[in-house]
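I opened my notebook to write down what I looked up in this structure, one entry at a time. Have a look along with me.

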Amino acid sequence: MSTPEARQFHQDAERLTHDLGHRSLIQKALGGYYKKRDEQRDKFSDWQAARSAASAIKFEAVNHLDKYLVEFAEKLEARGTKVFWASNGAEASEYIASVAANAKARKIIKSKTMTGEEIHLGPALEKRGLEVVESDLGEFIVQLREEAPYHIVFPSMHLSRGQINEVFQKKLHSPRADTPEELTMIARDHMRLKYCEADMGISGANFAVAETGHISITENEGNARLSTALPKVVVTLLGIEKIVPKLEDLALLLPMLATSGAGQAMTGYNTLIGGPRQPGESDGPTEYHVVLMDNNRTTLLANAEQRDALHCIRCGACLNVCPIFKNVGGHSYGTTYQCPIGSVITPHLRGLQSWKHLSFASSLCGASTETCPVKIDLHHHLLQNRRNAIAGKRVWWEKPIFQGFAWFMNQPALYRLAAPMLRLADPVIHAIRGKAFDPARLWTGTRDLPRAPKQSFKEYWKNRHASR
Amino acid sequence: MNISLFIPCFIDQYYPDAGIGMVKILEKLGHRVIYPESQTCCGQPAFNSGYWPEARAVAETMLDAFRDAEVVVGVSGSCGAMLKVFYPELFAGHPRENEAKALATKTHEFSSFLVNVLDVGDLGAEFPVKATFHDGCHGRRELGIKKEPRHLLSFVKGLELIEMAEAETCCGFGGTFSVKFPEISTAMGEVKCASILETGADLVISNDSSCLMQIQGILDRQGKPVRSMHLAEVLSHSMK
């Protein structure tokens with residue numbers, strides 16, 4: 001039986017693939033991205049060497065996580081940061097809620113954090129009566145629409161200007177706006193007040209520097225900097241894999257993230273957070289917390305074959321080149337992290353048997369592996385997930401098919417009969433193609449089949465030698 | 001050179017002309033062509049579906065078929081990648097791992113073999129047509145083939161090659177993926193075909209017949225007159 005998650009994926013994918021408006025919207029958005037990305041890549045003296053170097057940095061970090069995490073935490077704690085180690089999402093949410101309760105916070109300003117999305121942090125805090133406002137424009141828009149981010153980097157890329165105007169008018173009671181500038185101003189007006197009112201800020205992190213104990217955040221709107229600088233109490237939530245060993249590693253990783261993520265040389269705002277306000281400093285939060293979360297990342301860490309999936313810097317480049325993503329859209333996956341990286345890691349984070357369908361929903365084209373700036377072997381990991389899923393639980397109707405396949409392909413004499421049988425069946429195959437009772441309808445429903453040739457290659461070879 | 005042909009099952013059944021084209025070309029170049037008749041399928045459908053023990057059972061027949069081969073040349077990028085890239089993985093830790101590795105080493109995809117091993121360019125082919133080339137993903141990304149087919153096509157008299165915008169974008173075939181997720185597979189194929197049609201070409205060429213089955217299947221359903229041909233057919237077009 002397929003799982004509810006798989007059924008939902010099939011239904012949504014079916015709907016989205018027929019939505020040609022959606023297809024052209026995404027194609028257009030990504031068309032601009034490809035051009036800018038290529039321009040930036042060309043500015044590297046050797047992009048492939050940069051990929052290898054970036055991959056080596058993350059390999060070192062991930063394979064010595066025990067050492068670097070402790071180093072990172074000690075450096076932060078020395079400057080007065082409270083570090084909390086969370087085994088799972090519930091522990092992380094609980095801790096962040098307790099920080100809010102202790103600070104008697106009521107209003108929270110939040111900058112973009114996919115790790116927060118992963119554990120549904122916003123709704124968890126709202127349930128406790130806290131106001132949570134997303135300050136990243138794209139995140140803010142999807143928050144108003146009460147939907148999940150569509151893409152890990154571009155949360156609202158699926159929306160037209162008209163749809164954004166619509167939700168602003170409805171939820172913010174703003175006047176009609178037609179240009180991106182007008183829409184941005186509406187959001188900004190609304191947001192400025194929220195920054196000033198907020199008594200707590202929450203952020204994610206792009207990198208965590210072990211050597212110096214710094215959180216690195218990279219963004220284009222300045223909202224993360226404001227969200228972590230203005231409120232008295234600030235919390236940063238991050239997955240344990242965000243570690244890099246040295247500060248100088250950022251010199252490579254930040255431009256690579258900007259290039260792969262949005263086709264920029266560098267992202268607009270790059271912030272390093274080293275702790276709360278220090279004696280003699282006049283601004284910054286008085287209380288700073290860092291939540292280091294596992295949430296099954298150590299399951300992936302224990303898997304030597306796929307450990308490199310923890311190299312991911314969440315640039316979203318793999319989504320942007322994935323032909324599946326471009327056709328089914330980000331929401332169909334039903335996951336925080338969309339394909340291909342999402343299809344690789346979600347089975348590890350949330351259970352293989354429930355999420356294995358995502359590993360099968362790939363043509364294994366390898367475009368993602370080719371583009372990944374930290375060289376994660378994405379499409380081969382999908383193959384491994386498939387193998388592990390089937391080894392754990394064979395699909396009852398597939399099992400006899402593949403056993404039969406293996407048996408048949410090992411009977412060359414029987415196999416030789418396939419060609420004349422195919423010729424015999426050919427008129428029938430073509431007469432019933434695409435009909436409700438056509439056994440090949442999964443193919444012929446949308447595509448024609450080739451006609452059977454006059455002779456197979458085996459027959460050609462046999463005849464050729466007979467006539468010589 | 002004694003060249004053993006690797007003719008994947010669907011080429012054998014549906015696209016024998018691609019294999020025949022390859023035979024003509026290799027023989028014209030003066031090589032002895034051998035076809036080990038016990039070969040059937042490389043096992044990729046089972047492998048890609050997660051049924052590795054079943055895939056291995058089929059792959060063992062291939063190891064037997066090509067045990068004594070000097071060099072193996074395959075007419076499909078995808079099945080070639082199965083032998084070259086995935087057999088060592090499929091047999092990792094298995095008693096026949098070394099045999100799998102040996103087969104991987106001596107196996108070549110057809111266009112890569114012609115250009116990189118035999119150092120061939122002009123095959124004397126003539127084919128006046130406006131064509132575009134589709135890079136099969138396995139050939140392109142597992143085997144790193146890109147310039148080889150274009151190099152060979154550049155010598156075909158009368159053939160005008162027009163590159164499509166999405167030459168390297170997957171056609172959506174993906175083996176069992178095409179019937180497990182037909183709606184996604186078809187949408188990907190439609191994007192591919194739109195890119196092909198944009199070039200105004202009358203012929204789409206590839207070194208992978210499985211991609212062409214998908215592309216031609218959609219073009220035919222759309223009633224478009226564009227035809228498809230395997231690279232080996234094009235290169236042997238004017239050969240007897």
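**Entry 1: a word I needed.** Before reading any sheet, I noted that two strands pair if DSSP finds at least two bridges between them. I also reminded myself that this is a predicted model.

**Entry 2: a sheet in chain B.** With that word in hand, I looked up an open sheet of four strands in chain B, in the order S6-S5-S7-S8. Its pairing is parallel. The edge strands are S6 (157–161) and S8 (227–230) of chain B, each of which pairs on one side only. On average, neighbouring strands here are turned by 40 degrees against each other, if I ignore direction.

I then zoomed in on one pair. Strand S5 (residues 126–134) of chain B runs parallel to S7(B), and four bridges join them. Which residue is the bridge partner of B:Ala131 in S7(B)? I found B:Leu203 there. Helix H12 (residues 209–221) of chain B lies across S5, S7 and S8 of chain B, and its direction is at about 175 degrees to S8(B).

**Entry 3: a glycine in a loop.** I picked B:Gly200, which lies in the loop between helix H11 (182–199) and strand S7 (203–206) of chain B. Is B:Gly200 buried or exposed? I noted that B:Gly200 counts as exposed, because it has 10 C-beta neighbours inside 10 Å, and the cut-off for exposed is 12 or fewer. Leaving out residues up to four places away in sequence, B:Gly200 touches B:Lys130 and B:Ile162. B:Lys130 is 70 residues from B:Gly200 along the chain, yet their C-alpha atoms are separated by 7.8 Å.

**Entry 4: the two domains of chain B.** Across the boundary, 28 residues of domain 1 of chain B are in contact with 23 residues of domain 2 of chain B. On the domain 1 side, the elements that give two or more residues are helices H1 (9–14), H2 (16–28), H3 (44–48), H5 (77–90) and H7 (110–117) of chain B. I sorted the residues of that side by class and got 14 nonpolar, 11 polar and three charged.

**Entry 5: chain A as a whole.** Next I turned to chain A, which has 24 helices and 10 strands. Its C-alpha trace spans about 95 × 55 × 45 Å along its principal axes. Of the 468 residues in chain A, 45% are buried. The domain assignment of chain A gives domain 1 (44–295) and domain 2 (415–466), and 57 Å separate the centres of these two.

**Entry 6: a covered strand.** How many of the seven residues of strand S7 (residues 233–239) of chain A are buried? I counted seven of seven. One side of S7(A) carries A:Val233, A:Val235, A:Leu237 and A:Gly239, the other A:Val234, A:Thr236 and A:Leu238, and both faces are covered.

S7(A) runs parallel to strand S4 (residues 200–203) of chain A, with four bridges between them. In that pair, A:Met200 has A:Val233 as its bridge partner. S7(A) also runs parallel to strand S10 (residues 287–293) of chain A, this time with seven bridges.

**Entry 7: an open sheet in chain A.** Chain A also has an open sheet of four strands, S8-S5-S6-S9, with mixed pairing. Strands S8 (243–244) and S9 (269–273) of chain A stand at the edges with a single partner strand each, so one side of each has no neighbour in the sheet. Helix H12 (residues 250–262) of chain A packs on this sheet, touching S5, S6 (214–219), S8 and S9 of chain A. I noted about 25 degrees between the directions of H12 and S6(A).

**Entry 8: where the chains meet.** Last, I looked up the contact between the chains, which takes 48 residues from chain A and 50 residues from chain B. Helix H20 (residues 398–409) of chain A gives the largest share of the chain A side, six residues. By class, that side has 29 nonpolar, 11 polar and eight charged residues. For confidence, I wrote down ipTM 0.97 and pTM 0.95 for the model, and an average pLDDT of 97 for chain B.

Notes:
Residues are numbered from 1 along each chain as its sequence is written. Chains are lettered from A and ligands numbered from 1 in the order in which they are written. This is a predicted model: local features need pLDDT of at least 70, side-chain atom pairs count only at pLDDT 80 or more; totals for chains, interfaces and linings use all residues. Domain bounds come from an automatic or database domain assignment. pLDDT is the predictor's confidence in each residue, from 0 to 100. Two residues are in contact if their C-beta atoms, placed from the backbone, lie within 7 Å. Ala, Val, Leu, Ile, Met, Phe, Trp, Tyr, Cys and Pro count as nonpolar, Asp, Glu, Lys and Arg as charged, and the others, Gly among them, as polar. A residue is buried if 20 or more other C-beta atoms lie within 10 Å of its own, exposed if 12 or fewer, and partly exposed in between; C-beta atoms are placed from the backbone. Axes are lines fitted to C-alpha atoms, for helices over the stretch in contact, and angles run from 0 to 180 degrees between N-to-C directions.
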